[in-house]
Amino acid sequence: MERRTTERLLRARAQAIGDGVREDSVAAVLDRVLAVQAQDLPAAELGLRVRARGLTQEAVRRATDTERTAVRGWFMRGTLQLVPAADARWLLALFGPVHLALAVRRLRELGLDEALCTRSERVITDAIAAEGPLTRAGLTERLTTLGVEPKGQSAFHLIRRAALAGLICHGPQRDGEATFVLLDDWLPATGPLPYTGDAAVRELARRYRAAHGPADALDFVHWSGLKTTTGRNAWAAVRDTRPEDPPVPGEPDVRLLPAYDNYLVGYRSRDLSVPAEHERRVWPGGGQIRATVLVDGLAVGTWSGGRRGAPVKVEPFPGTEPVSPAVAAGIARESADIARFST
């Protein structure tokens with residue numbers, strides 16, 4: 001088998017989107033992959049579904065809203081992701097200071113000085129302590145008492161700053177909207193952090209290798225957003241954990257990946273997952289990453305729909321051969337499972 005094909009199959013297996021691999025729960029998926037992209041929460045839920053067997057939307061909501069075993073926050077690259085609650089605090093300790101430092105310039109551009117930022121932290125935490133979980137709109141309303149404009153990005157950046165500082169985190173959904181809660185109330189500290197400093201970066205590299213390999217140090221740097229030297233040093237210190245036995249091609253493994261999926265953003269190069277001539281179909285610009293149809297880890301088209309009972313619509317890449325009966329059957333199964341999951 002060609003080396004590139006083997007690498008793609010191994011990556012798909014590591015991400016639980018190939019070689020027949022599916023996990024049995026939200027916890028098992030996140031234990032395997034560490035993080036699922038979650039800037040779009042419904043897409044994040046579908047990112048869990050595609051890696052699991054028979055997962056329900058109710059089970060996802062139970063994990064995030066009731067059991068508190070999964071939490072949403074700004075971690076790698078400063079983007080929103082779902083991670084195991086058990087890993088949230090050390091990840092926040094690693095990435096919070098990084099993204100707080102990077103945010104200083106933007107806060108200054110918005111006219112938000114340090115004194116206002118400090119007052120906003122008190123307003124946010126006092127409001128949540130008094131009233132319970134609050135939505136972004138609810139917190140924005142409280143911040144207007146400090147003269148913060150209700151429109152624009154100022155309130156968002158102040159809320160994000162409080163989260164990166166470890167004061168608040170995402171809590172339960174309310175009428176389909178995310179809310180914020182006090183971090184210490186939602187995820188009480190149970191002792192010292194398991195990883196800090198260089199040990200935390202090494203643990204992150206170990207988890208990345210297991211969930212994304214085969215990969216290299218620059219892939220890890222791209223995915224994590226850490227400085228190149230920091231990432232390289234951690235990578236060199238961690239043992240390669242790639243599986244001993246390469247996948248053996250059999251019946252095609254078809255998956256309908258949601259938009260912004262980890263598999264499409266976890267490497268510095270896209271050429272193993274998406275043919276170069278079709279990249280613009282998946283990355284059309286404006287920060288979009290479209291939902292894709294994967295066959296054994298290779299994108300063969302895009303799809304849309306699947307929410308609120310809407311049927312799944314598949315668009316094969318132009319100029320490609322018609323899908324085989326086995327792939328068509330796989331698309332039909334995935335489409336039916338999305339309908340099951342979303343109702």
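Two strands pair if DSSP finds at least two bridges between them. Helices (H or I, at least four residues) and strands (E, at least two) are DSSP runs, numbered from the N terminus. This is a predicted model: local features need pLDDT of at least 70, side-chain atom pairs count only at pLDDT 80 or more, and totals for chains, interfaces and linings use all residues. Residues are numbered from 1 along each chain as its sequence is written, and side-chain values use heavy atoms, with hydrogens and water left out.

**Stop 1: the sheet**

Select residues 298-304. This is strand β9, and it pairs with β10 in the antiparallel sense over four bridges. Now pick Trp 303. Opposite Trp 303 stands Val 314, in β10. Widen the view to the open sheet: four strands, in the order β7-β8-β9-β10, with antiparallel pairing. Its edges are β7 (254-257) and β10 (313-316), each pairing on one side only. From one strand to the next, the twist averages 30°; axes here are lines fitted to C-alpha atoms, for helices over the stretch in contact, and angles run from 0 to 180 degrees between N-to-C directions.

**Stop 2: the largest nonpolar core**

A nonpolar core is a set of buried Ala, Val, Leu, Ile, Met, Phe, Trp, Tyr and Cys residues joined through side-chain atoms within 4.5 Å. Buried means under 20% relative accessible area, exposed over 50%, partly exposed in between (1.4 Å probe, protein chains only).

Select Phe 75, Met 76, Leu 91, Phe 95, Leu 204, Phe 220 and Leu 264. Of the 46 residues in the largest core, these touch the most other members. Elements giving two or more residues to this core include α5 (85-109), α10 (197-212) and α11 (217-224). The largest share, seven residues, comes from α5.

Apart from this core lies another, of 28 residues, among them Ala 63, Ala 70, Ala 211 and Val 327.

Return to Met 76. Beyond four places in sequence, Met 76 touches Ala 35, Gln 81, Leu 91, Phe 95, Leu 204, Trp 223 and Ser 224. Contact means heavy atoms within 4.5 Å.

**Stop 3: His 99**

Move to His 99, in helix α5. Is His 99 buried or exposed? His 99 counts as buried because its relative accessible area is 6%. Leaving aside neighbours within four places, its contacts are Phe 75, Arg 77, Gly 78, Arg 160 and Leu 164.

**Stop 4: Ala 38**

Finish at Ala 38, in the loop between β1 (36-37) and α3 (41-49). Ala 38 is buried, at 0% relative accessibility. The C-alpha atoms of Ala 38 and Asn 262 are separated by 9.6 Å, with the residues 224 apart along the chain.
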